[in-house]
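I opened my notebook to look up a few places in one structure. My entries follow, one topic at a time.

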Amino acid sequence: MITQMEQVESRVADALALAKSLGADGAEVAMSRQQGLSVSTRLGDVETVEFTNDGALGITVYQQGRKGSASTADLSENALKQAVQAAVNIAKYTSVDDCSGLADKALLAMNPQDLDLHHEKILSTDDAIAIAKECEDTALAYDKRITNSDGATLACFEGFKVYGNSHGQLVGYPSSRHSLSCVMIATEDDDMQRDYAYTVNRDFNLLTAPQQVGKEASQEALSRLHAQKLKTGKVPVMFRADIANTFFGHFIAAISGGNLYRKSSFLLDALGQPIFPDFLNIQERPHLKKALASSAFDSEGVATIDRDIIKTGALETYLLTSYSARKLGMTTTGHAGGIHNWQVSANGGDFKQMLKTLGTGLLVTELMGQGVNIVNGDYSRGAAGFWVENGELAYPVSEVTIAGNLADMFKNLVAVGSDYDLKGSIKTGSIILDEMQVAGN
């Protein structure tokens, strides 16, 4: 993998030199390559075996405020020349945009640190199939009400990213990602329910054991049997940790530069303003070793740094690329390509303590639909989960809709749990909102 990355670095340098020779004022070249194995089993049979080995080189050139882009999966000298020439030709016909161009040189990561993101795992196809089968077999044997399966999937991928530009930056890093998932179906009387469990990590050896993933998938499916509907009304709502990240995902969209300069966010001019209750802090930590969303630089080569996103409830920063920052008269925050390891502060204790804080209300464990309007903050989504009474799970709930406005939902946050979900880019526990409109019967 390292040898391949070095070869690609050489081709990136060649592409940059070609762009300069063809008259480009500036240029940037990026390439990501991924290879790996994915296998799926269902009811003891092998469903799929997929080998992946792909990647493409993309080049963007800038000429007097004009921009042109092209890509190629062929890294031969002739193909590279054609791609660079195509980008230069395209730039001749695009409109002048004073905000386009490379990131400022002073902000670039010229010597990025190693974040220990690459942990290769060499698995034979037979070994991979055996792991997936073990996961699914455990799930099927867990309870006689587990009557069917949508299968188990094991995926092991490794790859690298290389980025270079005409400021003299040429950087890259290898990475890996391994995951195991299982989807089970439970049946009792005339009711049938489906649910899943999964584990993901940079390091294969840190994945949850296959038997445990299978067991959790069956438990999740079984817990949904004989779900009831709710009466329409306003009730306290708790989002389980693995669902809470979507809550903060909408916040990310609202403070992202693209929505802000287009004036299509309900959080316009919110910098420095209280968004959440003052107990809440959100920190970004891009340089955590092995973490899924770690990166020493963003997709424009800008160095990532530790940041306070929310401090005692107030918004400390927007999330900006070079382009959106120029549109807003600000400086990029190194968020081209997304966020980097958000950590949400907790004040509510573990899952059981959070249920006691909720008291009587709705625990949401699944969300459906995309009824979220970032322009005005209106929120309406289908949901399923559990009705909670006196801090205890009472019965499963399905076919309900929860609604509110994100600005109010942010302010009405009551507690954040310490039951952290670590499977994504946002490290958050369960969250409790003071109340939401729930529509059922």
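**Entry 1: a loop residue with positive phi**

I began with Thr 312, which sits in the loop between strand 9 (307–311) and strand 10 (314–315). I note that this is a predicted model. I looked up the phi angle of Thr 312 and found it near 45°. That is a positive value in a residue other than glycine.

I then went to Leu 43. Leu 43 has its place in the loop between strand 1 (26–42) and strand 2 (45–63). Phi of Leu 43 is near 50°, again a positive value in a residue that is not glycine.

Which residues does Asp 54 contact, beyond its neighbours within four places in sequence? I listed Ser 32, Arg 33 and Gln 34. I also checked the spacing of Asp 54 and Ser 32. They are 22 residues apart along the chain, and their C-alpha atoms are separated by 8.5 Å.

**Entry 2: helix 3 and helix 4**

Next I looked at a pair of helices. Helix 3 covers residues 125–141 and helix 4 covers residues 210–223. Their axes come within 7 Å and cross at roughly 40°. Therefore helix 3 is oblique to helix 4. The crossing of the two helices is right-handed.

I wanted to know where they meet. From helix 3 I noted Ile 131, Glu 134, Cys 135, Thr 138, Ala 139 and Leu 140. From helix 4 I noted Pro 210, Gln 211, Val 213, Gly 214, Lys 215 and Ser 218. I sorted this contact by class: six residues are nonpolar, four are polar and two are charged.

I picked out Ile 131, found in helix 3. Its relative accessible area is 18%, so Ile 131 is buried. Not counting residues up to four places away in sequence, Ile 131 touches Leu 123, Leu 154, Leu 180, Phe 204 and Pro 210. I also looked up a pair that spans the model. Ile 131 and Ser 264 are 133 residues apart in sequence and 46 Å apart in space, C-alpha to C-alpha.

**Entry 3: Val 171 in strand 5**

Val 171 lies in strand 5 (residues 170–188). I read 3% relative accessibility there, so Val 171 counts as buried. Leaving aside neighbours within four places, I found Val 171 in contact with Ala 109, Met 110, Pro 112, Lys 161, Val 162, Tyr 163 and Phe 297.

**Entry 4: the nonpolar cores**

Which residues of the largest nonpolar core touch the most other members? The core has 50 residues, and I wrote down Phe 239, Phe 251, Phe 276, Trp 342, Leu 362 and Ile 402. Helix 5 (residues 241–254) gives the most to this core, with seven residues.

I followed up on Phe 276. Beyond its neighbours within four places in sequence, Phe 276 is in contact with Phe 247, Phe 248, Phe 251, Ile 310, Gly 313, Phe 410 and Leu 413. Another core, of 25 residues, lies apart from the largest one. Among its residues I noted Ala 128, Cys 135, Ala 152 and Ala 221.

**Entry 5: a buried loop residue**

I ended with His 335. I found it in the loop between helix 7 (322–328) and strand 11 (342–344). Is His 335 buried or exposed? Its relative accessible area is 7%, so His 335 is buried. I then looked up its contacts, not counting residues up to four places away in sequence. His 335 touches Glu 284, Asp 298, Arg 307, Leu 319, Leu 320, Thr 321 and His 340.

Methods: Residues numbered from 1 in each chain as written. Predicted model: local features only at pLDDT ≥ 70, side-chain atom pairs only at ≥ 80, totals over all residues. Heavy atoms only, no water. Axes fitted to C-alpha atoms, helices over the stretch in contact; angles between N-to-C directions. Helix = DSSP H or I, 4+ residues; strand = E, 2+ residues; numbered from the N terminus. Parallel < 35°, antiparallel > 145°, perpendicular 65-115°, else oblique. Left-handed = near helix turned anticlockwise from the far one by under 90°. Contact = heavy atoms within 4.5 Å. Nonpolar A, V, L, I, M, F, W, Y, C, P; charged D, E, K, R; others polar. Buried < 20%, exposed > 50% of the residue type's maximum accessible area, 1.4 Å probe, protein only. Core = buried A, V, L, I, M, F, W, Y, C linked by side-chain atoms within 4.5 Å.
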